[in-house]
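Hi there,

Here is the structure I promised to pass on to you. Have a look at it first, and then read my notes below.

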Amino acid sequence: MSEKKFDPKKLQKLNNPARLADIPPDYIWEKLDMDKPDVLVEIGAGTAFFSIAFLHKTQCSKIYACDMSDIMIDWMLENVSPQYPGIIPVKTAEYSVPLENAIADLLFMINLHHELENPALTLTEAARLLKPEGKICIIDWKNREMPEGPPLEIRCVPEQVQEQLGSTGFQQLQIFDELPKHFLITGHKR
């Protein structure tokens, strides 16, 4: 496993309710300004912690909770799917999500971007999955010292992510920097 990747053996950290205080779903939805999205895709879903929060927030019909880790997929199948049938775990490869083209109104990635070995390939795949005029939302750790989060040397800056999004077919990009520990970037599929 790459040193940049989250260790699936620490998956219980992903279920910490404090994460909703650090990254409030209400804040995200205010910035996204979306009316009743039907299908969402989360890449790097982990334990589907934010998929569950977004399902409650949006009342969408389904969320594809995508992850590369067999441990995470098995955990979701055992602990999430029985209670939330609208959340569908999907095993992915590094740059390939086995879903149809143009299925999602929103694709989101939370605390994943810094782990990507080739962000352009992941963002190109994200664009493929989005409906025309679908939205993307990327949230990641700010690039500054703090007692939690990934090592500083693998964090990214929002302008770098914005540039990557622009070069892979996204437009109307906005950076939101008000959260203490994270930045948020939104965009539309071109």
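A residue is called buried here under 20% relative accessible area, exposed over 50%, and partly exposed in between (1.4 Å probe, protein chains only). On that basis, 55% of the 190 residues in the protein are buried. Please keep in mind that this is a predicted model: local features need pLDDT of at least 70, side-chain atom pairs count only at pLDDT 80 or more, and totals for chains, interfaces and linings use all residues. Residues are numbered from 1 along each chain as its sequence is written, and side-chain values use heavy atoms, with hydrogens and water left out.

Along the sequence they follow the pattern α-α-β-α-β-α-β-β-α-β-α-β-β. The C-alpha trace spans about 40 × 35 × 30 Å along its principal axes.

Helix 2 (residues 25-32) and helix 3 (residues 49-58) pack at about 60°, with axes 10 Å apart (lines fitted to C-alpha atoms over the stretch in contact, angles from 0 to 180 degrees between N-to-C directions). Their crossing is right-handed (the near helix is turned clockwise from the far one by less than a right angle). In contact (heavy atoms within 4.5 Å) are Pro25, Asp26, Ile28 and Trp29 of helix 2 with Ala53, Phe54, Lys57 and Thr58 of helix 3.

Best wishes

Definitions and conventions. Helices (H or I, at least four residues) and strands (E, at least two) are DSSP runs, numbered from the N terminus.
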